[in-house]
Amino acid sequence: MAQRSDLGDSALQELLALQDGVVARRQLLDAGARSHDLDRMVRRRELRRVHPGIYVAHTGELTRRQREWTAILSARIRAGDISGAFSRLADVVHARRTTVPRLLDALAERERITGRRLIVAMLTDIGDGLSSVLERGYRDRVERAHGLPTATRQRVSTATGSRTHQDVYYRKYSLVVELDGHLFHSSTARRDADAGRDLAELAASGAPTARVTYGLVFATPCRTAAWIAAILRTRGWRGTLLTCPRCPPGVTGRPTV
């Protein structure tokens, strides 16, 4: 008969002590627990699920250190899902539950964390002002990949009479790019199509505000970069729009072979 695991096991006790009482499902299984052991611990309130695949060994409020471990372990769990990992880290930081330096300190305390370099890179991005997966995608797929100017992120504005944050601001050219993050809207395709039409019109008019959706960033980043470049040129940019490996012929000046 297989031996039953519980929180009294030395391996689990050591793991919980190291991580302030927070533990991932995979870590528990690696330490010898089985799925039915975890179910039993949850029923007996020895463990509490705080996120999918993440547990804490008590039923009260999480401490600051426990919130930090929760974010780190969630990012590790989702190492194959960069968007999910980034979203989880960004959420806890922007909800002011913890800070980027504290998360980096917590990460440094663990020698063996899968995806450490990726997590550090994501935390660095968040510290630089990237507050969403869409912002990260715009920066990497549209802006950097095509040699566009470097924008300011999350600029505070009071132009409307109230305090707002502008997602992407090209200060030298007085251009604001608003990132429309309604990924699961029922008419996502139509939103992308409308935003694309608007961008094409803006490229000719040089208006000071452009709206960019998930689809324009992740499905057609090269065409989006060409539109943004055209708008910037009407406002004084004299740079060169670069091609990236995914650019189709003709979209950003890439020659047809």
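Mentor: Two strands pair if DSSP finds at least two bridges between them. Keep in mind that the model is predicted.

Trainee: What makes β1 and β3 a pair?

Mentor: β1 and strand β3 (residues 54–56) are joined over 3 bridges in the antiparallel sense. The cut-off is at least two bridges, so they count as paired. Within this pairing, Val23 stands opposite Tyr55 in β3.

Trainee: Why are β1 and β2 called edge strands?

Mentor: The open sheet has 3 strands in the order β1-β3-β2, with antiparallel pairing. β1 (22–24) and β2 (48–51) each pair on one side only. Neighbouring strands of this sheet are turned by 40 degrees against each other on average, direction ignored.

Trainee: Why is Thr70 called buried?

Mentor: Buried means under 20% relative accessible area. Thr70 has 1% relative accessibility, so Thr70 counts as buried. This residue is found in helix α4 (residues 64–77), and among the residues Thr70 touches are Val22, Val50 and Ile54.

Trainee: What makes the approach of Thr70 to Gln66 a polar contact?

Mentor: A polar atom of the Thr70 side chain lies 2.9 Å from the backbone oxygen of Gln66. The limit for such a pair is within 3.5 Å, so the distance meets the cut-off.

Trainee: How do you know that β6 is mostly covered?

Mentor: In strand β6 (residues 175–180), 5 of the 6 residues are buried.

Trainee: What makes β6 and β7 a pair?

Mentor: β6 and strand β7 (residues 209–213) run parallel and are joined by 5 bridges. At least two are needed, so this is a pair. Glu178 stands opposite Arg211 in β7.

Note on methods
Residues numbered from 1 in each chain as written. Predicted model: local features only at pLDDT ≥ 70, side-chain atom pairs only at ≥ 80, totals over all residues. Heavy atoms only, no water. Helix = DSSP H or I, 4+ residues; strand = E, 2+ residues; numbered from the N terminus. Buried < 20%, exposed > 50% of the residue type's maximum accessible area, 1.4 Å probe, protein only. Polar contact = N/O pair within 3.5 Å; in protein donor to acceptor, adjacent residues only side chain to side chain. Contact = heavy atoms within 4.5 Å. Axes fitted to C-alpha atoms, helices over the stretch in contact; angles between N-to-C directions. Lists of a residue's contacts leave out its neighbours within four places in sequence.
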